[in-house]
Amino acid sequence: IELSSGINAEWPLRPGANLVDDLGQEMLYLPGTASLIQDIDKRVTVVLRDGRTLIGFLRSIDQFANLLLTETIERIHVREKYGDIERGVFLIRGENVVLCGETDFRNHKFRELKRVSQEEILKIQAEELKEKEEKQKLLKKVFQERGVPYYSNDTLGDEGF
């Protein structure tokens with residue numbers, strides 16, 4: 001089978017399948033979104049451009065890196081605590097994906113976090129956001145007093161990416 005990028009591959013892709021590029025050299029990975037094919041039907045973590053973290057089973061992808069997740073949860077991390085919000089089926093536009101990879105819950109750092117209820121994590125998140133906003137206001141005031149323009153990441157919008 002020849003993929004649209006000019007790469008020859010055995011189908012279905014399986015561990016040990018020979019991938020050969022245009023120069024006849026063996027490749028150890030698929031380029032671009034094709035590399036996500038190996039993660040179909042596996043639990044993945046997706047970090048979005050707005051900072052949200054989603055965890056779910058990857059069911060489908062396309063050439064634009066649009067992802068379809070099922071049994072999706074939104075995981076909110078605040079300091080040493082985390083909470084999950086069930087989201088169900090989630091369709092993610094590819095341009096909003098910053099990171100996507102298979103999830104390994106056996107990671108020892110994951111165990112150091114304390115799980116809290118949905119209500120508690122949302123409350124903690126709101127408090128942290130309020131503290132951050134107050135800090136930004138104070139910084140803006142200090143900069144303005146010195147005649148220096150102050151731009152936070154929030155005021156840049158999408159141009160900051």
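Helices (H or I, at least four residues) and strands (E, at least two) are taken as DSSP runs and numbered from the N terminus. The model is a predicted one, in which local features need pLDDT of at least 70 and side-chain atom pairs count only at pLDDT 80 or more, while totals for chains, interfaces and linings use all residues. Residues are numbered from 1 along each chain as its sequence is written, and side-chain values use heavy atoms, with hydrogens and water left out.

**The loop residue R79**

R79 is placed in the loop between β5 and β6. Its phi is near 55 degrees, a positive value in a residue other than glycine. R79 counts as exposed, because its relative accessibility is 51% and the exposed class begins over 50% (buried is under 20%, partly exposed lies in between; 1.4 Å probe, protein chains only).

A positive phi also occurs at E71, which is not a glycine and has a value of about 50 degrees. E71 belongs to strand β5 and is exposed, with a relative accessible area of 52%.

**Salt bridges**

Side chains of opposite charge can pair when their charged atoms come close. A salt bridge is defined here as a side-chain nitrogen of Lys or Arg within 4 Å of a carboxyl oxygen of Asp or Glu. By this rule the structure has 9 salt bridges, and the table lists some of them.

| Pair | N to O distance |
|---|---|
| D50 and R52 | 2.9 Å |
| R79 and E128 | 3.9 Å |
| R79 and E131 | 3.9 Å |

What does R79 join by pairing with E128? R79 forms a salt bridge with E128. R79 lies in the loop between β5 (67–78) and β6 (81–92) and E128 in helix α2, so the pair ties together parts that are 49 residues apart in sequence. E128 is partly exposed, with a relative accessible area of 32%.

The side chain of R79 also meets that of E131 in a salt bridge. This pair likewise links distant parts of the chain, with R79 in the loop between β5 and β6 and E131 in helix α2, 52 residues apart. E131 is partly exposed, at a relative accessible area of 47%.

In the pair of D50 and R52, D50 is exposed, with a relative accessible area of 52%, whereas R52 is partly exposed, at 32%. A network of salt bridges links R75, D84 and R115.

Helix α2 covers residues 118–145 and includes K140. K140 is partly exposed, its relative accessible area being 41%. K140 and S152 are separated by 12 residues in sequence and by 8.5 Å in space, C-alpha to C-alpha.

Which residues form a nonpolar patch on the surface? The patch is made of L139, F143 and V148, which together have about 200 Å² of accessible area. Patch members need over 30% relative accessible area and no salt bridge, with nonpolar side chains (Val, Leu, Ile, Met, Phe, Trp, Tyr) joined within 5 Å and like charges within 9 Å. The areas come from the Shrake-Rupley method with a 1.4 Å probe, and for residues only the protein chains shown count as cover. V148 sits in the loop between α2 and α3 (153–156) and is partly exposed, with a relative accessible area of 38%.
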